[in-house]
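Thanks for coming. I will go through a handful of local features in one structure, so please have the sequence and the model open.

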Amino acid sequence: EPFFNCLANGYKRAVAVWHRRAGKDKNFINMVCKEALKRKGAYYYLYPQHNQARKAIWKGMDKGGFPFMAHIPQEIRARTSEQEMSVELINGSIVQLIGTDKIDSLMSTNPVGIVYSEYSLQNPDAWTFMRPILRENGGWAIFNYTPRGHNHGYDLYRLAQDNPNWFCELYASCEHPEFNPRGEIPHTGVLTAQDIDDEISDGMSPEKVKQEYFCDFDVSAGNILIPIQTIESAFGRKISYQYEPRIFGGDIGLSQGGDPSAWVIRQGGKIIAAKEFWTDDPIKVVAEFCRAWNEFSCSQGYLDALFEGRTIAANMRARGFPVVAVNFGESAADEDQYLNLKADLYCRGRKFFQEKMCSMDDTPIMRKLAVEASGPEWEETLTGKIQIESKKSMEKRGIKSPNLFE
């Protein structure tokens, strides 16, 4: 009820981190219907994928067999389009279901209200592109989801918690002696402790239970290479590093304003500085890398050799900077254990954190580095070698590819 009334109470931005089966879509399709009757305009209900929106909402039903779209009664409909998954109301408003995998369809539109359903699995650019429109027309945006680790959903939740202009709720499913003793996490009571125990008996892992039913952002599934808690324990750690050489690391974006380039400076076990920057000009990347190298008096450097990386490394060497281009796809020194050099280096990074050899300050850029480091999953190949998740696979899970960490 508080969330259902948050827009009427003056909020324009709201986040609902609710457990699985809490009734997110049933609640928010009703909110859209109510708001569309109050103000004439376009209203978007966004899902991670277009076909998901059709199956889950357009054709979907609740557990009692009541269709979700039937919450928009025929009496207030002027026209319904099966192909566009849209409903025009008698006051001229349009409610449309769209998948953010078809993000181009959102361009040059002017919605006044948007629900981002399962936002933690969506392309975060769908919010980046639409927020200026809502700012200009006084529209609203609602985000509902169950956690998927420390990705963009986690970042948004933390922002909403600290911003009085955002309405924010997190609800677990129930009180439970192991996962929510004494009901310390607010809960809906939709499920019972016995329901949770039955899920575990049926094969659901405790980690998955904590994520899905108790909205735990900090869960690291068994195949996450470096748990976020392991990385965050390095914040403020006291180590000796002052007499070690400074090492430069660079990652090249150059993706037409999308993926940033980044550099990180490490001295011994201390990560002393880091920066992301956006440019599509390789010469500007070289200039920024050289500037940072000189500022921190680095003695050695490494760059990702993919795409423009090898050329940029050669350019820096021509200027007198002893930089090495690293090709992650090359063979690892231990070919029996690792699929490639990327897997080898990532596992060295894990050891760096696990053995508490590192330290970094608790700043926004270091927090971002920590989130990136805890994103990739790992698995064994059929021959028993360790391999690291591809960037495309991470993007499908709603997690951006690492820049600072690599």
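I start with K385, in the loop that joins strand 15 (378–380) to strand 16 (386–388). Please keep in mind that this is a predicted model. With a relative accessibility of 23%, K385 counts as partly exposed, because the buried class ends at under 20%. Leaving aside residues up to four places away in sequence, K385 touches E335, D336, Q337, Y338, L339, E379 and E380.

Next, the loop between strand 6 (111–117) and helix 3 (125–137), where E118 is found. What is the phi of E118? It is positive, about 55 degrees, although E118 is not a glycine. E118 is buried, at 11% relative accessible area. Q122 sits in the loop between strand 6 and helix 3 as well. Is Q122 buried or exposed? Q122 is buried, with a relative accessible area of 1%. The side chain of Q122 reaches out to the backbone oxygen of L46, at 3.1 Å.

A positive phi turns up at R21 too, near 70 degrees, again in a residue other than glycine. R21 belongs to the loop between strand 1 (13–18) and helix 1 (24–38). Here the relative accessible area is 61%, so R21 is exposed.

Now to helix packing. Two packed helices are described by the angle between their axes and the distance between the axes.

Helix 5 covers residues 193–201, and helix 6 covers residues 206–214. They pack at an angle of about 140 degrees, and their axes are 10 Å apart. The crossing of helix 5 over helix 6 is right-handed. Which residues meet? On the helix 5 side they are I196, E199 and I200, and on the helix 6 side V209, Y213 and F214. By class, this contact has five nonpolar residues, one charged and no polar. Within helix 6, V209, Q211, E212, Y213 and F214 are buried, and helix 5 is among the elements covering the buried residues of helix 6. After helix 6 comes C215, with a positive phi near 50 degrees.

The second pair is helix 8, residues 282–295, and helix 9, residues 309–318. The packing angle is about 50 degrees and the axes are 10 Å apart. Helix 8 and helix 9 are therefore oblique to each other, since angles of 65 to 115 degrees count as roughly perpendicular and those under 35 as roughly parallel. Helix 8 passes helix 9 in a crossing that is right-handed. From helix 8, the contact uses P282, I283, V285, V286, F289, C290 and W293, and these meet I312, N315 and M316 of helix 9. The residues in this contact divide into nine nonpolar and one polar, with no charged residue. An α-helix has 3.6 residues a turn, so residues three or four places apart point the same way.

Definitions and conventions. Residues are numbered from 1 along each chain as its sequence is written. This is a predicted model: local features need pLDDT of at least 70, side-chain atom pairs count only at pLDDT 80 or more; totals for chains, interfaces and linings use all residues. Side-chain values use heavy atoms; hydrogens and water are left out. Axes are lines fitted to C-alpha atoms, for helices over the stretch in contact, and angles run from 0 to 180 degrees between N-to-C directions. Helices (H or I, at least four residues) and strands (E, at least two) are DSSP runs, numbered from the N terminus. Angles under 35 degrees count as roughly parallel, over 145 as roughly antiparallel, 65 to 115 as roughly perpendicular and the rest as oblique. A crossing is left-handed if the near helix is turned anticlockwise from the far one by less than a right angle, and right-handed if clockwise. Contact means heavy atoms within 4.5 Å. Ala, Val, Leu, Ile, Met, Phe, Trp, Tyr, Cys and Pro count as nonpolar, Asp, Glu, Lys and Arg as charged, and the others, Gly among them, as polar. Buried means under 20% relative accessible area, exposed over 50%, partly exposed in between (1.4 Å probe, protein chains only). A polar contact is a pair of N or O atoms within 3.5 Å; within protein, one must be able to donate a hydrogen and the other to accept it, and residues adjacent in sequence count only if both atoms are side-chain atoms.
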